[in-house]
Amino acid sequence: MNLSNIAAQLYTLREYCKDEEGLRESLRKVKEIGYQAVQVSGIGSIPHDTVKKIADEMGLVICATHVSYDALTKEIDDVIAQHKLWDCKYVGLGSLPLDYRTSAEGYQSFASAANEIAGKLSLHGLEFIYHNHHFEYTKFDNRTGMDILLEETNNETVGFELDMYWVQAGGVNPLDMIERVNGRMAVVHLKDMAIVDNKQVFAEIGEGNMNYKDIIEACRKIGVQWYVVEQDVCLRDPFESLAISFRNLQQFI
């Protein structure tokens, strides 16, 4: 990990990126903090070429995205064109659609769909990456949903974008999960976990209780390319949260 491959996940700033003006100001602040890359997710309906223009103006790389499952299944040609325009290899799905979450058969059906999507993207030099939450660690007989996804998706075309907070929330050691996706994870999501008023909450990197020294080292060992800072809910101004995480991550460079 170095400064140039730490990215800000725009989902953290979703309330500020609803239109062109908001996106431009948000990316200006992200660049000012020191980030050199962003993951595009949760922004408003802004034309693809406008997003690219603003990112270029600010000197920010678009390293990855999250797009909707509907777009991946019904508008794949547009998704491909969008990512080629943005020079962005990693096409992310932020969450498993609700219909697939309740059974082993649901996870198996999604794994099959993911293989098909990933196959189409790979023909254009793009890679499908799946972002987890905690519900993938629900057990169905002797396998979790994540076990099914890992075992029944194509390890050549389907990648994973592990979210360290949500792995921890699922009751699994993040270091173990990082090892399991060795060779299949180019993008990782980083946020910390703290306890406030006896409740588990999202926290900036280094402000919570997770072992980020070892997490970063494990990611480095398996060749992670992009370290993406995300905070679903911030306890302070989201730009300040991104700045705290960026500053604290520098101890691991």
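How do H1 and H10 run relative to each other, roughly parallel or roughly antiparallel? They are roughly parallel, where angles under 35 degrees count as roughly parallel, over 145 as roughly antiparallel, 65 to 115 as roughly perpendicular and the rest as oblique.

**Ground rules**

I note that this is a predicted model, in which local features need pLDDT of at least 70 and side-chain atom pairs count only at pLDDT 80 or more, while totals for chains, interfaces and linings use all residues. Residues are numbered from 1 along each chain as its sequence is written, and side-chain values use heavy atoms, leaving out hydrogens and water.

**H1 against H10**

I looked up the geometry next: the axes of helix H1 (residues 20-33) and helix H10 (residues 238-249) cross at roughly 25° and come within 10 Å. Helices (H or I, at least four residues) and strands (E, at least two) are DSSP runs numbered from the N terminus. Axes are lines fitted to C-alpha atoms, for helices over the stretch in contact, with angles from 0 to 180 degrees between N-to-C directions. H1 brings Ser26, Lys29, Val30 and Ile33 to the contact, and H10 brings Phe239, Leu242, Ala243 and Phe246; contact means heavy atoms within 4.5 Å. By class I get six nonpolar, one polar and one charged residues for H1 with H10. Ala, Val, Leu, Ile, Met, Phe, Trp, Tyr, Cys and Pro count as nonpolar, Asp, Glu, Lys and Arg as charged, and the others, Gly among them, as polar.

I then went after ring pairs: rings of Phe, Tyr and Trp (its six-membered ring) pair if their centres lie within 6.5 Å, and planes under 30 degrees apart count as stacked, over 60 as edge-to-face and the rest as tilted. The count comes to eleven aromatic pairs. Tyr16 and Phe239 have ring centres 5.1 Å apart and planes at 70°, so I logged the pair as edge-to-face. Tyr16 sits in the loop between strand E1 (6-9) and H1, and Phe239 in helix H10, so this pair ties together parts 223 residues apart in sequence. Tyr16 has 36% relative accessibility and so counts as partly exposed, whereas Phe239, at 8%, counts as buried. The cut-offs: buried is under 20% relative accessible area, exposed over 50%, partly exposed in between (1.4 Å probe, protein chains only).

Tyr35 and Phe246 also pair, with centres 4.6 Å apart and planes at 50°, so this one is tilted. Tyr35 lies in the loop between H1 and strand E2 (37-40) and Phe246 in helix H10, so parts 211 residues apart in sequence are tied together. Both Tyr35 and Phe246 are buried.

**H1 against H2**

I checked H1 with helix H2 (residues 48-58): the axes come within 9 Å and cross at roughly 30°. That makes H1 roughly parallel to H2. This crossing of H1 and H2 is right-handed. The residues of the contact divide into six nonpolar, one polar and five charged.

**H5 against H6**

H5 passes H6 in a right-handed crossing. Among the H5 residues in the contact is Phe110, which I also found in a ring-pair cluster with Tyr69, Tyr100, Tyr130 and Phe160.

Methods. Left-handed = near helix turned anticlockwise from the far one by under 90°.
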